[in-house]
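Take a look at the fold below.

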Amino acid sequence: MPPIKLNFSRAVWAIIAKDAVCEFRTRYAVGALVMFALTALSSVSMTLAGAALPPELAAALLWVVMFFCAMAGLARVFVQEQEAGTLLVLRLYATGMAVYFGKLLFNLVLLAGLTCLVVPLFILFLNVAVGEWLSFALILVFGIAGIAAVSTLTAAMVMYAQGKHAVFTVLTFPVLLPQFLSVISATAKVLAGSAPELREFVFMAGYDAAVIAAGILLFDYLWQD
């Protein structure tokens with residue numbers, strides 16, 4: 001039987017809905033993200049015993065927590081398809097681009113929910129003050145968009161690999177490092193009470209756009225048998 005492709009928008013929303021239902025049943029990614037975030041932040045808070053962190057260290061800690069939470073939960077975005085044997089169904093009914101954007105948007109939703117949990121706990125547990133809320137919000141948007149874009153692409157690369165989770169982290173970190181350093185630097189400035197420069201926002205936005213463009217160009221090759 002020849003493949004019956006859904007149109008792009010229907011396929012994207014069908015993939016998001018399928019992943020949401022699967023996550024609601026298993027709660028694997030949500031549980032991994034939440035437990036890592038709570039454990040890391042509470043451990044650091046108890047270690048500091050109320051002492052204030054320098055802005056640079058606090059910014060690095062925030063993004064380290066965000067990164068490793070993502071590594072704990074997002075690696076399964078394609079692995080679960082391979083383990084459940086549903087890759088063939090996706091190939092029959094959706095184009096590679098629809099699969100890529102469906103997975104990317106689902107990862108963005110997960111990371112946005114994680115951010116809504118982590119940032120208030122980060123501010124409360126570590127007693128930090130945010131001077132520029134608009135700048136801080138933009139940094140968070142660009143940061144989680146970069147993590148989601150890189151994670152979606154590298155998860156597709158490792159879905160058939162041995163030791164998937166370790167390989168996923170090893171591949172993702174160096175690709176994400178330029179954005180990682182940029183968001184840490186910009187977050188440190190916000191926590192110190194100043195605003196990041198415009199060129200920093202341009203770099204973060206350009207990085208996200210470049211990674212998404214790379215995903216559009218490369219995903220069909222990764223998605224083939």
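How do α3 and α7 run relative to each other, roughly parallel or roughly antiparallel? The axes of helix α3 (residues 55–73) and helix α7 (residues 133–158) cross at roughly 30° and come within 11 Å. Therefore α3 and α7 are roughly parallel to each other. Angles under 35 degrees count as roughly parallel, over 145 as roughly antiparallel, 65 to 115 as roughly perpendicular and the rest as oblique. Axes here are lines fitted to C-alpha atoms, for helices over the stretch in contact, and angles run from 0 to 180 degrees between N-to-C directions.

This is a predicted model: local features need pLDDT of at least 70, side-chain atom pairs count only at pLDDT 80 or more, and totals for chains, interfaces and linings use all residues. Residues are numbered from 1 along each chain as its sequence is written, and side-chain values use heavy atoms, with hydrogens and water left out.

Now the contact itself (heavy atoms within 4.5 Å). From α3 come Leu-62, Trp-63, Met-66, Ala-70 and Met-71; they meet Phe-136, Ile-139, Leu-140, Gly-143, Ile-144, Ile-147 and Ser-151 in α7. These residues divide into 10 nonpolar, 2 polar and no charged. Ala, Val, Leu, Ile, Met, Phe, Trp, Tyr, Cys and Pro count as nonpolar, Asp, Glu, Lys and Arg as charged, and the others, Gly among them, as polar.

Helix α3 has another partner, α6. Their axes also come within 11 Å, and cross at roughly 145°. In α3, Ala-58, Leu-61, Leu-62, Val-65, Met-66, Cys-69 and Ala-70 take part; they meet Leu-111, Leu-114, Thr-115, Val-118, Phe-122 and Leu-126 in α6.

Follow α6 itself. Helix α6 (residues 96–126) has 31 residues. From first C-alpha to last it reaches 43 Å, close to the 45 Å expected at 1.5 Å a residue. Asn-127 follows α6, with a positive phi near 55°.

Next, Met-46, found in helix α2 (residues 28–48). Met-46 counts as exposed, because its relative accessibility is 64%. Exposed means over 50% relative accessible area, buried under 20%, partly exposed in between (1.4 Å probe, protein chains only). Met-46 and Phe-125 lie 79 residues apart in sequence, yet 8.6 Å apart in space, C-alpha to C-alpha.

Finally, the whole chain. The protein chain has 9 helices and 0 strands. Of its 225 residues, 44% count as buried. Among contacts between residues at least 6 apart in sequence, 85% join residues at least 24 apart.

Notes
Helices (H or I, at least four residues) and strands (E, at least two) are DSSP runs, numbered from the N terminus. The expected span of a helix is 1.5 Å times one less than its number of residues.
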